[in-house]
Amino acid sequence: MIVNKHNSAETVKLRRYRASLVTDGIGIITFGLWSIIKSLLSFLMQPSDFELPNNERIPDPAEILIIIVVAVIIVLIFVAIILGIHLYVGLSSYKEGRNGKKGSFYLVAAGLMAFLNCLGMTLYFVSPNGSKTITITSIAAFIIDLTTDIILLDMIYAAFMSRKLAAKLESEAI
């Protein structure tokens, strides 16, 4: 069997794109854990002042406990959704990198994640108390979220290129 250089170079590119999909999938899962930690820290760092809109305090400890339990349940649901989406996208990318074409829905989810993450990144430079200072923490979080977007965009690009090259190599083999 004779393999021409053109076909061999494309096979190497295909392996590189698929290896990138594996790495990107692991990265998305890892940064999903970061998203959960960030969400939990942001929830825990919020001051919990149990005041009603007309500046009356909630006197009953049972009511405060119910509010806390409901808030924790909402946060846990939010965390489960974030983790689920990151796991779905990351594992789908990983599987496509290992086994070839996977469904395309995870790429749509990755694009939506990247878009929503970009929107959220703008909030790092808006101070909640109206001051114009930017903290080192917000800069670090911005850089981590930017890295997540770069990984997502690389994953989408690698998936499209991998599929394109695989189809080309398959058609040349026939």
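Residues are numbered from 1 along each chain as its sequence is written, and side-chain values use heavy atoms, with hydrogens and water left out. Because the model is predicted, local features need pLDDT of at least 70 and side-chain atom pairs count only at pLDDT 80 or more, whereas totals for chains, interfaces and linings use all residues.

The secondary structure of the protein consists of four helices and zero strands, where helices (H or I, at least four residues) and strands (E, at least two) are DSSP runs numbered from the N terminus; along the sequence this gives the pattern α-α-α-α. Of the 174 residues, 30% count as buried, a class defined by under 20% relative accessible area, with exposed meaning over 50% and partly exposed in between (1.4 Å probe, protein chains only). Among contacts (heavy atoms within 4.5 Å) with a separation of 6 or more, 79% involve residues 24 or more positions apart. The accessible surface, computed by the Shrake-Rupley method with a 1.4 Å probe and, for residues, with only the protein chains shown as cover, comes to about 11700 Å², and 71% of this area belongs to carbon and sulfur atoms.

Helix H2 (residues 61-99) comprises 39 residues and reaches 55 Å from its first C-alpha to its last, close to the expected 57 Å, the expected span being 1.5 Å times one less than the number of residues. The buried residues of H2 are Val75, Val79, Ile82, His86, Val89, Gly90, Ser92, Ser93, Glu96 and Gly97. Isoleucine 81, also found in H2, counts as partly exposed because its relative accessibility is 48%. Just after this helix, glycine 100 adopts a positive phi of about 95°. The C-alpha atom of glutamate 96 is separated by 9.6 Å from that of alanine 19, although the two residues are 77 residues apart along the chain; alanine 19 is found in helix H1 (residues 5-45) and, at 41% relative accessibility, counts as partly exposed.

Aspartate 149 lies in helix H4 (residues 136-173) and counts as buried because its relative accessibility is 4%. When residues up to four places away in sequence are not counted, aspartate 149 touches Met113, Ala114, Asn117, Cys118 and Met121. The side chain of aspartate 149 also makes a polar contact with the side chain of asparagine 117 at 3.1 Å, such a contact being a pair of N or O atoms within 3.5 Å in which, within protein, one must be able to donate a hydrogen and the other to accept it, while residues adjacent in sequence count only if both atoms are side-chain atoms.
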